[in-house]
Amino acid sequence: MSDNIQPIRPRQALKQMKPYSPGKPIWEVEREYGIERVTKLASNENPLGPSAQAVAAIQAYLGEIHRYPDADTVDLRLALANKLGVTPDHLIVTNGADELITLLSETFLEPEDEIIVPSPTFSEYEFGANLMGTKVVPVPLQEGYVYDVDDILAAVTERTKLLYICSPNNPTGTYMTRNHLQRLLKELPSRILVIFDGAYSHFVTADDYSDGLEFVRMGYPIMVTQTFSKIYGLAGIRVGYGVAAPGIIHTIRQVKEPFNVNALAQVGAIAALADDAHLEATREMNAQGREQLYKQLQQLGIRFTRSMSNFVLVELGPDAKRIYEKLMSKGIIVRFGGGWNLPEHIRISVGTPEDHEALISALVTVMEEIELEKKLGSLK
Ligand SMILES: *Cc1c(COP(=O)(O)O)cnc(C)c1O
C-alpha cells in the first residue's frame, strides 16, 4: 500500500537535522550484553537518586492525575521566584531545559539569522537552530577549552540573534568567569539575546563563577536556563526553566503549548526545590568524587580536563572509541566524544565511590586487552 503513496516532502530545514545520541540506558546494555550489574556514568544524572521529598510529593499526587496540570505552573514559579530573588513573571517552566531551547529557537530564529555557539558544547543549541533553518556559527574554545570573549565578539554579525554560553560547559566542564561574562554582556549589541545555560551551576566550587542570575536582575538581555535533571535528580520527569526579563518571557510564552509541564513534574520540582539537604549532599559527594576520579586517572597516566561540573572529559588518544566500546561490553556506560568532534575523548559522569571503582578496574582491564591485541597483531 504505502508504495502507492507519494512521498510527502518534509521541510528543507530537516536535511540539516542530526539525531541526538543519548547515553545508552541501563536496560539496553543489560539486554545487549547479558550483564546484570551495569554502571551508568554517561548522562550526568544524580548518583544519589531523586530527593525523597520529591518522590513523596509525586506519590501523594497520583490520585489527581485525571486533572490537567496548571498551564501557568503558578506554584512552582512562585517557589522558584522566592528562591532566586526574581518575580514570577521572570520565569517560564518547561518540559526539561531541552524544550526551552526549542521554544527559544521557535520564538526568535528566522532562516536569515545566525546563532553563535562556542564549541564543543551541548548539541541542542544547534538542533534548535537547524529546526528553524538558521545558520550556526561555531566559535572554537581556546586551548584547555577556555572561553575567549574576544573570539566570541569577533563572530558577531548584524545577523546574530542568539548567543549560547554553557557554563560550566558540557562536555568540557570549563566555565566562563564572572568578569568575562560581564565584559561580554557590556560589549555585545543589546539586540542579541545571551542564553546562559546553567544546567551544572550547582556543582561549581570556583569563587569567580557567576550563575548568570545577577545579570538578569541587572536587566541585561540574558536568559538563564536551568534544569531539575541534574543536581535535583529528576531527569526522568522532565522539568526545566528559564529566567529573563518579563518581556522576553512573555514573548516565549506565545509559542508554548498550554500543558507542557505535567502535574507530577510540577509537584516533584516544588518539593525538590525545598530539599536543601539533598542538594548539599549531592554537591558534597560530587566535589569529593571529582577529586577521587582525578587521582585515579592520574595514577593511570590518563589526561583529563579539570571540571567544575559533575562529569570529566578524559583524553584517551586514538583508541578512545575501542575503549568506550569495550567498557560498554563490561557494563560500564560512558559517553564517547565523537559527537562533539572529540574522537580521542570520553566523558565520564562523576558517580559514587563504588561506581568509580567499577569504572577504573574495567578501564585497566580494557587498556591491557588492547595492548595485548596490538602485540598479537604485530606478531602476525
Ligand atoms: C542536561 C542538560 C540540560 C538539561 O536538559 P533537560 O532537558 O532539562 O533534561 C541542559 N543543558 C545542558 C548543557 C545539559 O547538559
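This is a predicted model: local features need pLDDT of at least 70, side-chain atom pairs count only at pLDDT 80 or more; totals for chains, interfaces and linings use all residues.

Colleague: What angle does helix α3 make with β2, and what does "lies across" rest on?

Modeller: Helix α3 runs at about 125 degrees to β2. Contact here means heavy atoms within 4.5 Å, and the angle is taken between N-to-C directions on a scale from 0 to 180 degrees.

Colleague: And the sheet under that helix, what is its strand order?

Modeller: The order is β2-β8-β7-β6-β5-β3-β4, an open sheet of seven strands with mixed pairing.

Colleague: What makes β2 and β4 the edge strands?

Modeller: Each of them pairs on one side only: β2 covers 91-94 and β4 covers 135-140. From one strand to the next, the twist averages 20 degrees.

Colleague: How do you know that β3 and β4 are paired?

Modeller: Pairing takes at least two bridges found by DSSP. Six bridges join β3, residues 114-119, to β4, so the two count as paired, and they run parallel.

Colleague: On to the pockets. What makes the largest one a pocket and not a cavity?

Modeller: A cavity is a set of points from which a 1.4 Å probe cannot get out, whereas a pocket is an open set. The space in the largest pocket comes to about 1200 Å³.

Colleague: Which residues lie nearest the centre of the largest pocket?

Modeller: Tyr 20, Ser 21, Phe 122, Ser 123 and Arg 335, out of a lining of 44 residues. Helix α5 gives the largest share, four residues. At least two residues each come from α4, β3, α5, β4 and β12.

Colleague: How do you know that both domains take part in that lining?

Modeller: Domain 1 (12-49 + 277-379) and domain 2 (52-275) each supply at least three of the lining residues. By type, the lining of the largest pocket divides into 17 nonpolar, 16 polar and 11 charged residues.

Colleague: What about the second largest pocket: how much space lies there, and which elements line it?

Modeller: About 270 Å³. Its lining has 15 residues, with Lys 83, Leu 84, His 202, Asp 211 and Tyr 232 nearest the centre. Elements giving two or more residues are α3, β7, β8 and α11. The lining of the second largest pocket splits into eight nonpolar, three polar and four charged residues.

Note on methods. Residues are numbered from 1 along each chain as its sequence is written. Side-chain values use heavy atoms; hydrogens and water are left out. On a 1 Å grid over the protein atoms alone, a cavity is a set of points where a 1.4 Å probe fits but cannot get out, and a pocket is an open set with protein on both sides within 12 Å along at least five of seven lines; lining residues have an atom within 4 Å of a point. Grid points are joined across faces, edges and corners, and a volume is the space filled by probe spheres set on the points. Ala, Val, Leu, Ile, Met, Phe, Trp, Tyr, Cys and Pro count as nonpolar, Asp, Glu, Lys and Arg as charged, and the others, Gly among them, as polar. Domain bounds come from an automatic or database domain assignment.
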